[in-house]
Amino acid sequence: MSDLNVSTYEPLLGPRLKLERASHHLSQIAHLEQHFFTSNSPRLVFDTESKPGHKLVKIVLEAKPPELVHVLTGELIYQLRSTLDQIAVEFARLSKGPTRPKDVYFPTGDSFKGFVSSCKSYNSKKKRLTGNLRHFDADLRKAILKTRPYSGGNETLRAVFQMANIDKHMELIAIGAAGGLAAMSDFNIVGGYTGLMLTGPGDLSRGVVISDLKPHGSITPKHANAQIQFSGKITLGDNVPYAHQPLVQFLNSMLQETKRVYASLRALLDRRT
């Protein structure tokens with residue numbers, strides 16, 4: 001006999017708890033990002049090879065983002081994907097048809113056609129609906145269809161599925177560090193084609209150009225307390241979908257969209273009771 005008190009039963013409790021856990025992971029990642037950039041300083045590098053006749057001044061950050069960020073990112077995305085799958089399973093249990101909850105997952109697709117087919121394709125030979133949601137009650141199936149997690153539809157929700165597959169099946173999600181010069185005080189620049197360049201974010205491990213000097217130009221601190229201030233963000237790495245997107249903002253967009261879908265589908269269940 002179940003210990004669950006019917007009077008305290010909460011629809012979609014599991015998904016809600018998973019979203020709370022994902023929010024906690026995001027806060028951890030944001031804290032690690034802030035600590036990483038405040039505790040590591042870039043150095044100046046003079047590049048005389050990339051542009052003949054010029055001396056490019058670059059800021060380079062050799063430190064790598066914390067390895068824990070890889071793991072937390074994968075866990076956060078897992079919680080989002082699992083949230084959606086558990087919602088689909090709950091819908092299967094609530095439907096009147098002969099659903100098989102253990103075989104149900106939240107559908108997605110590379111296109112609208114592929115998505116709809118995975119939800120409720122029609123087998124003309126068997127003359128019945130097939131697909132992942134075939135035995136769902138019509139209103140529950142329609143609600144999931146409206147979430148549109150396919151390429152060309154709800155791209156943010158689609159990203160949850162694409163990123164989850166990388167961490168689950170292939171490897172840790174690659175990350176990097178990008179940034180640029182924010183301010184620089186008490187330095188002398190002599191023989192420059194340009195002054196300081198407040199450039200947009202670039203790959204800090206490869207170096208971001210902040211000034212273009214003549215071959216014999218120089219940039220030197222006026223005293224020991226001269227400061228280089230830079231802004232930076234941890235980004236998705238080169239070899240993943242959505243490469244170079246700022247990680248925290250990217251994860252937050254997926255989290256907020258999954259929360260919105262959860263709230264919408266939870267409201268549907270509330271209206272049914």
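**Exercise 1.** Which element gives the largest share of the lining of the largest pocket?

*Solution.* The model is predicted: local features need pLDDT of at least 70, side-chain atom pairs count only at pLDDT 80 or more, and totals for chains, interfaces and linings use all residues. Residues are numbered from 1 along each chain as its sequence is written, and side-chain values use heavy atoms, with hydrogens and water left out.

Step 1. A pocket is an open set of points on a 1 Å grid over the protein atoms alone, where a 1.4 Å probe fits, with protein on both sides within 12 Å along at least five of seven lines; lining residues have an atom within 4 Å of a point. The largest pocket has a volume of about 530 Å³, a volume being the space filled by probe spheres set on the points.

Step 2. Among its 27 lining residues, Gly176, Ala177, Ala178, Asp203 and Thr235 are the closest to the centre.

Step 3. E5, with 6 residues, provides the largest share of this lining.

**Exercise 2.** Determine how strand E5 (residues 175-185) is covered and paired.

*Solution.* Step 1. Of the 11 residues of E5, 8 are buried (under 20% relative accessible area, 1.4 Å probe, protein chains only). Strands are DSSP runs of at least two E residues, numbered from the N terminus.

Step 2. Strands pair if DSSP finds at least two bridges between them. E5 runs antiparallel to strand E9 (residues 227-236), with 10 bridges; Ala183 has Gln229 as its bridge partner in E9.

Step 3. E5 also pairs with strand E7 (residues 202-203) in the antiparallel sense, over 2 bridges, where Gly179 stands opposite Gly202.

Key
Buried means under 20% relative accessible area, exposed over 50%, partly exposed in between (1.4 Å probe, protein chains only). Helices (H or I, at least four residues) and strands (E, at least two) are DSSP runs, numbered from the N terminus.
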